[in-house]
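I opened this entry to keep track of what I looked up in one model. The points are noted in the order I checked them.

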Amino acid sequence: MSASDNPVVRVGVIGAGLMGREVASAFGRWFALLDCPVRPELVAVCDVNPAALDWFRQVPSVRHFCATHHELLACEDVDVVYAAVPHHLHEQIYLDVLRAGKDLLAEKPFGIDLRAARAIREEGERLGRFVRVSSEFPFLPGAQRVMKFVQGNDLGALLSIRSRFLHSSDLDPKKPINWKRITQFCGEAGVMNDLGLHVAHVPLRLGWRPLWVYAQLQKIYESRPDGKGGTAKCDTWDNAMVHGTAQIAGQSVPLSLEMKRMAPTETNTWEIEVLGTDRGVRYSTKEPKTLWQYSRAEEQSWSKVDLGFAMPFKTITGGIFEPGFPDLLQQMWAAFLAERAGKLEGRFGCATPAEAVAHHEIWTAALLSHVEQRVVSV
Ligand SMILES: NC(=O)c1ccc[n+]([C@@H]2O[C@H](COP(=O)([O-])OP(=O)(O)OC[C@H]3O[C@@H](n4cnc5c(N)ncnc54)[C@H](O)[C@@H]3O)[C@@H](O)[C@H]2O)c1
């Protein structure tokens, strides 16, 4: 059977912004994948902004252009919905998707807060829908190798775990405001809602959960240009350092989660480091090809290895080439569709509703910790 005989899943996108367009791009070159058992077809798009829909008119498979999500959900030829809308809309739109009988790839943070995340998870379970949450960085060859390294080696006593996701464009005070910088739309957790699943996903998948946290949160610029000649209040947390303690193999291990919109020179840096007394591993998108491994023998040393294109799903791309963000997104979709079809076959699966709820539990404790300036149990 050739790849073109694979069953087709018809996808609708709600929210035709930055992320909605990336999905169309990932599907448009699906033939690059060699062993994904399912083929997606983007058939419907919805956005309240008609101009956002226009870009999708060049995508040949799209046949429904919808002004409301209700219109899209009424399309019988949509099996799966990807929803990428501002956070304050997650709960209502995700619940509507599930109640319309569709499966869901939800954008993070999976509801604006913990209460919303639990409500969405419970409705998905009650209705028996397949629901996963978008988080693409763990599909990086470097991230995959970090997880394999940790699972396949005795690191000795664990010294520390550090997971970070860093941006820098907000350092420009002239950058106009958008909904992600306004609490009403982004949520009380601010940058933790925005970047948090990216740092929490791998630790949670490895079973590492902080039991206690102490958080340092910062709001740096209080206003920004509103893009219309005036200024607007910018009231979200910009930077968050969440210092946690996880119980791993009977030891208390420092687990630090760092999310920053203002980290000088870091455009989209995702990194993780796990250190033990005997072995350790580190990967950063700052050096996208390089996996660093620490070992202690007669001498202590870091060694590095170039990774190439070792993705969970095989592709036509040469093994020595470098992956980028669009490749990760395509891999994440391949995992979503394969798992939905019961054919993940041991490959890495997308973030689950339980992991999304767990990450909100950490940020809820972090908010309280910052306000009360104390250690809070999660
Ligand atoms: N996984 C990732 O790497 C990643 C990256 C960026 C954003 N995100 C997430 O994706 C989601 C969307 O972010 P974005 O950057 O694409 O935002 P965006 O502002 O670029 O796009 C959001 C779109 O939703 C539309 N919209 C607003 N209300 C709507 C409604 N009621 N019905 C239909 N459409 C509506 C807007 O008009 C806009 O086009 C957020 O949850 C965000 O956290 C994820």
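**Model.** I am working from a predicted model, not an experimental one.

**Helix 5, dimensions.** I started with helix 5, which covers residues 114-127 and has 14 residues. From its first C-alpha to its last it reaches 20 Å, close to the 20 Å expected at 1.5 Å a residue.

**Helix 5, buried side.** Which residues of helix 5 are buried? I listed Leu114, Ala116, Ala117, Ile120, Arg121 and Gly124. Looking down the axis of helix 5, I found these buried residues within an arc of 165°, so they line one face of the helix. An α-helix has 3.6 residues a turn, so residues three or four places apart point the same way. I then looked for what covers the buried residues of helix 5, and the cover includes helix 4 (90-99), strand 6 (131-133) and helix 10 (353-372).

**Helix 5, other side.** On the face turned away from the buried side of helix 5, I noted the exposed residues Arg115, Glu122, Arg126 and Leu127.

**Helix 5, end.** Just after helix 5 I checked Gly128, which has a positive phi of about 70°.

I went back to the loop between strand 5 (103-106) and helix 5, where Pro109 is found. The peptide bond from Lys108 to Pro109 is cis, with omega near 5°. Phe110 lies in that loop between strand 5 and helix 5 too. Its phi is near 70°, a positive value in a residue other than glycine. I noted both items because most residues other than glycine have a negative phi, and most peptide bonds are trans.

Is Phe110 buried or exposed? I counted 31 other C-beta atoms within 10 Å of Phe110. The cut-off for buried is 20 or more, so Phe110 is buried.

In the loop between helix 10 and strand 17 (376-377) I looked at Gln373. Gln373 has a positive phi of about 50° although it is not a glycine. Here I counted 9 other C-beta atoms within 10 Å. The cut-off for exposed is 12 or fewer, so Gln373 is exposed.

**Ligand shell.** How many residues surround the ligand? I got 22, the closest being Gly15, Gly17, Leu18, Met19 and Glu107. Sorted by class, the shell around the ligand has 11 nonpolar, six polar and five charged residues.

Technical notes. Residues numbered from 1 in each chain as written. Predicted model: local features only at pLDDT ≥ 70, side-chain atom pairs only at ≥ 80, totals over all residues. Helix = DSSP H or I, 4+ residues; strand = E, 2+ residues; numbered from the N terminus. Expected span 1.5 Å × (residues − 1). Arc of directions from axis to C-beta. Contact = placed C-beta atoms within 7 Å. Near = placed C-beta within 6 Å. Nonpolar A, V, L, I, M, F, W, Y, C, P; charged D, E, K, R; others polar.
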